[in-house]
Amino acid sequence: MPRPSQLLHPPRPPAPTRDAATVLLLRDTPDGLEVLMTRRSSKASFVPGAYVFPGGAIDAADGCCHALTQRRATQSAQALTEAIAGIRESFEELGVLLARHLDGSWATQAEIDAMDRQGDFGAQCTAHGLTLAASDIHVLARWITDRDSPKRFDVPFLVARMPEGQEPVADEAEQFEPVWVRPGDALARHQAGGFFMIYPTIITLERLQNLATVDAVLQACAVSEEPLWTSCPRTGLLAGREQRHMEHESAYGELALVCPDGQIAHPLDWQSEQAVPLLKNVLRLTAPNPGAMTGPGTNSYLVGDPDTGFIAIDPGPADTAHLEKLWRAAGGDIRMIVCTHSHPDHSPGARPLQAMCHTVPPILGLPSRETARANSVFMPDRALQNGEVLVLDSNTFAAGAPLPQGTTLQDANTHTLQVMHTPGHAANHLCLLLLEDGLLFSGDHILNGSTTVIDPPDGDMGDYLDSLDLLQAACTEHQLKYILPAHGYVLGGPNDEARTAIARLKAHRLQREAKVMAAMQAHPDGTLDDWLALVYADVPQRMWPVARRSLMAHVAHITSLMP
């Protein structure tokens with residue numbers, strides 16, 4: 001994990017969460033699936049005036065009603081309590097009661113009208129001979145309120161079919177104006193400004209609109225007792241406006257690194273004018289070379305601080321304006337320049353950046369192999385060794401210096417980069433581990449938003465997969481939590497997100513390789529172009545010339561494994 005001394009924002013522990021439950025009551029209509037929503041009181045302490053699904057905090061009494069329920073054998077005690085809370089809240093707020101008689105019939109409207117919504121819920125159900133229909137309720141999702149909110153909830157979003165013969169009637173205290181609405185219509189009305197909803201409601205409706213019927217929703221949720229997704233969103237700034245991101249979205253890991261406690265302070269706009277602080281000792285400046293192969297541009301990184309000087313990682317193309325900004329961001333004090341590999345969007349800026357520095361820093365990396373393309377020829381001042389460490393502290397002026405006497409990796413003014421040779425994308429590719437802060441600078445080996453191209457003969461798929469295994473092991477050994485790629489936002493998180501990202505990337509490559517093998521077996525006399533159309537049918541054809549290069553790498557790898 002990053003050292004507290006290097007965090008940009010002081011620790012601010014998020015408010016504790018309170019357990020709650022929400023129920024999406026669904027019905028089928030000739031025009032499609034509809035969900036029951038209601039408007040919260042304008043005086044409510046949490047999201048006043050928003051259109052929501054009925055629900056609220058779990059009460060202690062909800063856990064005492066298990067004997068009154070019909071349940072599935074697979075429902076846990078906690079899930080049962082959540083279902084009971086959802087049933088009770090639907091009754092109290094909208095007068096909808098998910099409860100049955102012994103013969104299986106639903107509670108009638110007359111019975112509901114005779115009950116006191118604020119009275120003892122369990123006692124009244126018992127008096128009317130009703131059993132709570134927890135077995136009819138499934139978990140759709142789980143939302144945890146954003147870390148920046150002073151009032152937070154941990155809420156399963158439950159789904160159930162609306163009971164027959166019942167009509168929702170708002171309590172006119174917490175909830176108003178119950179309305180049946182198709183998910184798409186609710187989203188359109190929100191977009192038009194007349195139907196205010198909060199982020200979890202919006203995302204839930206966006207996913208719900210892809211399911212056409214109540215049965216389709218219930219069947220999707222009945223696969224297991226686990227939610228289809230769980231999220232505690234993080235918020236960044238885009239064009240100066242707040243924008244939330246879920247765990248699967250590309251900016252989530254960067255927000256976790258920069259604003260771990262949910263501070264809404266980090267700009268996510270891609271720009272090449274100024275360096276973006278990620279930690280006190282890590283800056284990113286994105287080169288102005290966006291494109292299909294480079295995404296928003298090549299990320300150049302500066303590691304260090306004004307007391308230690310800086311190591312520049314991947315200075316990028318020989319763009320004078322970009323290099324001047326990189327030099328100025330380091331206060332002119334660049335002690336070393338490291339290139340992760342020799343490709344033309346990574347290494348050509350090294351020599352001109354070196355020339356800008358008053359004290360000449362060495363250019364470090366691995367020399368390009370004879371297999372490299374003509375535009376990827378690179379020769380460092382010194383070749384790095386696998387496992388070598390590069391140390392910056394207030395007394396460090398040379399590359400490869402040992403840790404100073406008495407210095408530990410947790411010292412605030414020391415920054416130690418360990419070198420890992422990771423061939424695959426290029427034969428001379430390397431990654432760097434910032435040991436004190438658990439960061440992996442992945443170059444082009446791991447990207448955010450795309451998969452790297454493996455271009456034979458300098459690129460090798462077998463080497464690439466093996467290097468992924470090495471990086472996976474390094475994450476465990478060195479507690480690496482965040483991946484800083486040469487293209488795209490930071491990946492990772494405080495738990496195992498970095499390892500998961502690497503595992504997912506390898507699984508994707510192996511799935512693609514399985515498609516290649518299937519195409520080769522189905523068409524043993526086919527050409528690369530014949531196989532390309534089969535293997536990359538899910539990729540836009542404009543990208544096929546690039547995909548063809550990775551296809552060649554897969555074919556070579558498969559061939560190498562044959563007896």
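Reader: What should I know about the model, and how many helices and strands does the protein chain have?

Author: The model is predicted. The protein chain has 13 helices and 25 strands. Its C-alpha trace spans about 85 × 60 × 45 Å along the principal axes.

Reader: What percentage of the residues count as buried?

Author: Of the 563 residues of the protein chain, 55% count as buried. As for contacts with a separation of 6 or more, 65% of them join residues 24 or more positions apart.

Reader: How is a pair of packed helices described?

Author: Two packed helices are described by the angle between their axes and by the distance between those axes. Take helix 10 and helix 13: their axes are 8 Å apart, and the packing angle is about 85 degrees. Angles of 65 to 115 degrees count as roughly perpendicular, and helix 10 and helix 13 are therefore roughly perpendicular to each other.

Reader: Which residues make that contact between helix 10 and helix 13?

Author: Helix 10 contributes Met-461, Gly-462 and Leu-465, while helix 13 contributes Ser-550, Ala-553, His-554 and His-557. By class, the contact of helix 10 with helix 13 has 3 nonpolar, 4 polar and no charged residues.

Reader: Is His-557 buried or exposed?

Author: Buried means under 20% relative accessible area. His-557 has 15% relative accessibility, so this residue counts as buried. His-557 lies in helix 13, which covers residues 544-561. Apart from neighbours within four places in sequence, His-557 is in contact with Met-461, Gly-462, Leu-465 and Glu-513.

Reader: What does Ser-467 touch?

Author: Ser-467 is found in helix 10 and is buried, with a relative accessible area of 2%. Not counting residues up to four places away in sequence, Ser-467 touches Thr-422, Pro-423 and His-445.

Reader: At roughly what angle do helix 4 and helix 5 cross?

Author: The axes of helix 4 (residues 183-191) and helix 5 (residues 199-208) cross at roughly 140 degrees and come within 8 Å. Only angles over 145 degrees count as roughly antiparallel; helix 4 and helix 5 are therefore oblique to each other. The crossing of helix 4 past helix 5 is left-handed. On the helix 4 side the contact is made by Pro-183, Ala-186, Leu-187 and His-190, and on the helix 5 side by Ile-202, Leu-205, Glu-206 and Leu-208. The contact of helix 4 with helix 5 divides into 6 nonpolar, 1 polar and 1 charged residues.

Reader: Where is Arg-207 placed, and what is it in contact with?

Author: Arg-207 is in helix 5. With a relative accessible area of 30%, Arg-207 is partly exposed. Leaving aside neighbours within four places in sequence, Arg-207 is in contact with Trp-229, Met-246 and His-248. Arg-207 and Gly-184 are 23 residues apart in sequence, and their C-alpha atoms are 9.9 Å apart in space.

Reader: Which residues of the largest nonpolar core touch the most other members?

Author: This core has 35 residues, of which Leu-25, Ile-87, Leu-97, Leu-98, Phe-121, Leu-132 and Ile-137 touch the most other members. Strand 1 (17-29), helix 1 (77-94), helix 3 (121-127) and strand 8 are the elements that give two or more residues to this core. Helix 1 gives the most, with 7 residues. The contacts of Leu-132 beyond four places in sequence include Cys-65, Ile-84, Ile-87, Leu-98, Phe-121 and Cys-125. A second, separate core of 31 residues includes Tyr-51, Ile-203, Leu-205 and Leu-218.

Reader: Which peptide bond is cis?

Author: The peptide bond from Pro-456 to Pro-457 is cis, with omega near 5 degrees. Pro-457 lies in the loop between strand 23 (439-443) and helix 10 (461-478).

Reader: What are the phi values of Glu-172 and Glu-177?

Author: Phi of Glu-172 is near 60 degrees, a positive value in a residue other than glycine. Glu-172 is found in the loop between strand 8 (152-161) and strand 9 (175-181). Phi of Glu-177 is also positive, near 50 degrees. Glu-177 lies in strand 9 and is partly exposed, with a relative accessible area of 39%.

How values were computed. Residues are numbered from 1 along each chain as its sequence is written. This is a predicted model: local features need pLDDT of at least 70, side-chain atom pairs count only at pLDDT 80 or more; totals for chains, interfaces and linings use all residues. Side-chain values use heavy atoms; hydrogens and water are left out. Helices (H or I, at least four residues) and strands (E, at least two) are DSSP runs, numbered from the N terminus. Buried means under 20% relative accessible area, exposed over 50%, partly exposed in between (1.4 Å probe, protein chains only). Contact means heavy atoms within 4.5 Å. Axes are lines fitted to C-alpha atoms, for helices over the stretch in contact, and angles run from 0 to 180 degrees between N-to-C directions. Angles under 35 degrees count as roughly parallel, over 145 as roughly antiparallel, 65 to 115 as roughly perpendicular and the rest as oblique. A crossing is left-handed if the near helix is turned anticlockwise from the far one by less than a right angle, and right-handed if clockwise. Ala, Val, Leu, Ile, Met, Phe, Trp, Tyr, Cys and Pro count as nonpolar, Asp, Glu, Lys and Arg as charged, and the others, Gly among them, as polar. A nonpolar core is a set of buried Ala, Val, Leu, Ile, Met, Phe, Trp, Tyr and Cys residues joined through side-chain atoms within 4.5 Å.
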